[in-house]
Amino acid sequence: MSDLKKIDISEPDLEGKEAATPKDTANSGRTSKEAAPGVEDYGSTDDHVFSDPSVAERWRGIYEKARYENRHRFDPEYKWTAEEERRLVRKIDRRIMVWAWIMFCALDMHRRNINRAISDNMLAEIGMNTNDYNYGQTIFLACFLAAELPSGLISKKLGADVWIPTIMVGWSITAMSQAFLKNRAGFYAIKALLGLLMGGFIPDIVLWLTYFYKSRELPLRLAWFWTALSTVNIVGSLLAAGILQMRGINGWGGWRWLFLIEGLLTTIVGVFSWVLMPPGPTQTRHWFRGKDGWFTEHEEFILVNRLLRDDPSKGDMNNRQAVGPTLLFKAVKDWEMWPLYIIGLTTYIPPAPPQNYLSYILRQIGFSVFEANLLAIPSQFLFAVNLLVVTWISRRINERSMISSSSNIWIFPWVLALVLLPDGTSPWVRYAMLTGLLSYPYCHAILVAWNAKNSNAVRTRAVSAALYNMFVQSGNIIASNIYRDDDQPLYRRGNKILLGITVFNIILFYVVKVFYVWRNKVRDRKWNAMTPEEQENYVLTTKDEGMQRLDFRFAH
């Protein structure tokens, strides 16, 4: 064994610098040292997690046992330049990230178009009121939540490249069938089926993206990924403003044409996804993608080795390997992940009711159908800008919890204003308050990447992504029932509830940060109490996995 000196794994400081990991003791738990905040860690170096031959051989055995699909490209001595890696990342962005964004747009189009459809007298035409609409949304979200984990497990077994296109075509056809709705029962049935088909998409696609990106690259990509929300709301509002004018054609309401046309568009995206989603970095050869695939042999070596040096655990499962009951239970009982799940439960509740009801509220306070849809655009543009800015700041200073709290800090004064505004306030003033609220810095990209980083194992990451999103959808269920029919059109009671939840969320982010600082200090004491020989022996022989490893430190 190599002659290693004992090092101290210090706690991340308030400047956002991550703790040094025990890489110098042949670390294989938290992989390699992170780059300083704002610094790109591109290009191979001689100092990485596999520099110690004994560690490299240990992981080679793990990859062989797991039948890791990229193991033939694993080479601890492989070299490449920073410029080569930058070019490769840009290529991955074009080939992988852009299409992932388009697929997410296809999902969100059908999650949000109901908000525009109800501005066109949809509820009255099928005999429903606000409460019935809330129940339908609750059914959708409950089924969405119920499908998250099973869909994630199916995707892990079949492969995201097979499962995601299948559910996309399924939800597109189902969404089109809303054009033929006649009553409340049909509305409830379709919302249930849509929830079951859509539920697994987000955790499945996030796990698929981790096959191509390093941990520090993912948050900013996810920020761009989530600009799909604002893009769909802007484009969807423009489409709705036009399509809803088709009322009367074929005797249909404009909302029926909206569901039919948008369903056809996303069906096309779903079909193309079958041929534009490769299973993994070294599996891009395909009749549609080319007999030589998207990456050269040299690029494949770079892709695989840069990922494994960033996080060796990304090779401990095959991308067609199912997560069985034992592994599932182990992931669920990782209790130190649960503070992030709780954040997911409550963080997004405050903006959800105003977002879902924006066009409807604007109609109730005097704006036309056309105006109500177009007036949603400014907040969505500002939302996209703030999403990118807050994620960039988080990555730049390597801080997650405090930066994420800015979302609810932003929301607080706007909700407070909605609570305090008198009944006779100008509709334009009320619209300005809603626009300010909905322009908040969305922290979801930070939290999803934070969840993936702290998972520290493929089996945990596959399950934790689904569990986190299940908690998010549980929060959406709560949010969908805060605005009630007897509280419209100003929803004063609902806004008071949102104000209380906002205050709770701000406090929660700082409590979770303190929790992870404490957990890291506990591990520091245990690790630093070991001799250098004990540390090295632990790294090479431990059966601890993922976040249970003593040489792993939580990000916060």
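This is a predicted model: local features need pLDDT of at least 70, side-chain atom pairs count only at pLDDT 80 or more; totals for chains, interfaces and linings use all residues.
Student: Where are W255 and F259 in the chain?

Tutor: Both are in helix 9, which covers residues 254–276. They are 4 residues apart there, and that separates them by about one helical turn.

Student: Why does one turn matter?

Tutor: An α-helix has 3.6 residues a turn, so residues three or four places apart point the same way.

Student: How many aromatic pairs are there in the whole structure?

Tutor: A search of the whole structure finds 41 aromatic pairs. The rings of W255 and F259 have centres 6.2 Å apart and planes at 80 degrees, so this pair is edge-to-face.

Student: What about W338 and Y341, how are their rings arranged?

Tutor: Their ring centres are 5.4 Å apart and the planes stand at 75 degrees, so W338 and Y341 are edge-to-face. Both residues belong to helix 12 (residues 338–346), 3 residues apart, or about one turn of the helix.

Student: Which of them is buried?

Tutor: Y341 is buried, with a relative accessible area of 1%. W338 counts as partly exposed, because its relative accessibility is 31%.

Student: Nice. Which residues form an aromatic cluster?

Tutor: One cluster is made of W335, W450, F515, Y516, W518, F552 and F554.

Student: Switching topic: which charged residues sit over rings?

Tutor: Here are two. R58 places its charged end over the ring of W59, 5.4 Å from the ring's centre. K191 lies over the face of F140, at 4.8 Å from the ring centre.

Student: Now helix 13. How many residues does it have, and what span does it reach?

Tutor: Helix 13 runs over residues 352–364, which makes 13 residues. From first C-alpha to last it reaches 18 Å, close to the 18 Å expected at 1.5 Å a residue.

Student: Where is the kink in helix 13?

Tutor: The kink is centred on L358, and its angle is about 65 degrees.

Student: How many residues of helix 13 are buried?

Tutor: The helix is mostly covered, with 11 of its 13 residues buried. Among them are P353, P354, Y357, Y360 and also L358, where the kink is centred.

Student: And what comes just after helix 13?

Tutor: There you will find G366, which takes a positive phi of about 120 degrees.

Notes:
Residues are numbered from 1 along each chain as its sequence is written. Side-chain values use heavy atoms; hydrogens and water are left out. Rings of Phe, Tyr and Trp (its six-membered ring) pair if their centres lie within 6.5 Å; planes under 30 degrees apart count as stacked, over 60 as edge-to-face and the rest as tilted. Helices (H or I, at least four residues) and strands (E, at least two) are DSSP runs, numbered from the N terminus. Buried means under 20% relative accessible area, exposed over 50%, partly exposed in between (1.4 Å probe, protein chains only). A charge sits over a ring if NZ of Lys or CZ of Arg is within 6 Å of the ring centre and within 35 degrees of the ring normal. The expected span of a helix is 1.5 Å times one less than its number of residues. The bend at a residue is the angle between axes fitted to the seven residues ending there and the seven starting there.
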